[in-house]
Amino acid sequence: MTAIRLGDLAPDFEAKTTHGDISFHEWLGDSWGILFSHPADYTPVCTTELGTVAKYRGEFDKRNVKVAALSVDGLKDHQQWIVDINETQNTTVNFPIIADDDRKVSSLYDMIHPNTDDKTTVRSVFVIGDDKKVKLIITYPASTGRNFDELLRVIDSLQLTAYNKVATPANWRNGDDCVILPSVSNEQVPSLFPKGHKEVKPYLRFTPQPKM
Ligand code: BEZ
């Protein structure tokens with residue numbers, strides 16, 4: 001198995017999920033996607049994470065992002081655990097959880113790191129663009145719950161780059177000025193960035209955040 005790198009085509013797969021059988025690329029359709037793994041069902045950090053993702057569903061929808069979770073447990077466990085998540089996190093899990101008890105998908109996406117635990121998945125996140133290419137990979141240890149606000153922030157940045165030819169500077173937040181991509185020539189700037197721009201150095205040009 002070769003490691004997945006940014007820019008690779010996200011590997012396609014078929015899987016059983018709590019929302020029925022899916023063929024991953026077909027399920028993504030024209031959307032962006034997030035595929036994220038968690039170590040195991042009935043674990044505390046994962047319970048809070050999946051509840052949080054359910055509450056953020058509206059934010060993902062606004063950005064045209066579909067979310068799928070995965071763990072190496074089976075469908076029956078997923079379904080029973082969802083009852084607990086809904087109850088304890090005061091929400092309704094509204095996205096598919098992939099049953100990967102044969103570890104087919106977790107192996108394909110290199111989500112098992114044997115030096116931490118050879119049986120369960122680590123907390124991997126893959127953001128996939130509407131071109132089915134991998135745009136972001138983050139790996140967290142099992143003991144650290146993910147920051148889903150950061151995930152939304154990165155998706156906003158990725159979509160600004162994909163659709164508006166800007167990048168985002170350090171600690172950028174939605175609404176802050178953006179950086180004009182180095183590939184944009186000075187001649188192109190006025191028509192591409194009608195809100196104006198500021199040239200700090202020839203290679204460091206800011207513009208107000210374009211409409212997303
Ligand atoms: C959890 O998901 O809660 C968890 C898993 C492994 C280690 C610590 C926490």
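Which residues surround the ligand? They are Thr43, Pro44, Val45, Cys46, Arg123, Ala142 and Ser143, where a residue counts as near a molecule or strand if one of its heavy atoms lies within 4 Å of it.

Before I continue, a word on the basis of this talk. This is a predicted model, in which local features need pLDDT of at least 70 and side-chain atom pairs count only at pLDDT 80 or more, while totals for chains, interfaces and linings use all residues. Residues are numbered from 1 along each chain as its sequence is written, and side-chain values use heavy atoms, with hydrogens and water left out.

Let me stay with the ligand. Its shell divides into four nonpolar residues, two polar and one charged; here Ala, Val, Leu, Ile, Met, Phe, Trp, Tyr, Cys and Pro count as nonpolar, Asp, Glu, Lys and Arg as charged, and the others, Gly among them, as polar. Helix α2 gives the most to this shell, with three residues. Helices (H or I, at least four residues) and strands (E, at least two) are DSSP runs, numbered from the N terminus.

A polar side-chain atom of Thr43 lies 3.1 Å from an oxygen atom of the ligand. For Pro44, a polar backbone atom is 3.1 Å from a ligand oxygen, and for Val45 a backbone N or O atom lies 2.5 Å from one. Of the 260 Å² of accessible area that the ligand has on its own, the protein covers 70%; such areas come from the Shrake-Rupley method with a 1.4 Å probe, and for residues only the protein chains shown count as cover.

I turn to the protein as a whole. It has seven helices and 11 strands, and its C-alpha trace spans about 60 × 40 × 30 Å along the principal axes. Of the 212 residues, 47% are buried, meaning under 20% relative accessible area, with exposed over 50% and partly exposed in between (1.4 Å probe, protein chains only).

In soluble globular proteins, nonpolar side chains tend to be buried together. A nonpolar core is a set of buried Ala, Val, Leu, Ile, Met, Phe, Trp, Tyr and Cys residues joined through side-chain atoms within 4.5 Å. The largest one here has 27 residues, and those with the most contacts inside it are Ile34, Phe36, Leu50, Phe60, Phe95 and Val127. The elements giving two or more residues to this core are β3 (32–37), α2 (44–55), β4 (65–71), α4 (75–89), β6 (123–128) and α6 (148–164). Its largest share, six residues, comes from α6. A second, separate core of 18 residues includes Ala10, Ala15, Trp27 and Ile128.

Finally, I compare two threonines. Is Thr18 buried or exposed? Thr18 is buried, with a relative accessible area of 17%, and lies in the loop between β1 (14–17) and β2 (20–23). Its side chain reaches the backbone nitrogen of Ile97 at 2.9 Å. Leaving aside neighbours within four places in sequence, Thr18 is in contact (heavy atoms within 4.5 Å) with Leu75, His78, Gln79, Ile82, Phe95, Pro96 and Ile97.

Thr161, by contrast, lies in helix α6 and is partly exposed, with a relative accessible area of 33%. Beyond its neighbours within four places in sequence, Thr161 is in contact with Val166, Ala167 and Leu181. A polar atom of the Thr161 side chain lies 2.7 Å from the backbone oxygen of Val166.

Conventions
A polar contact is a pair of N or O atoms within 3.5 Å; within protein, one must be able to donate a hydrogen and the other to accept it, and residues adjacent in sequence count only if both atoms are side-chain atoms.
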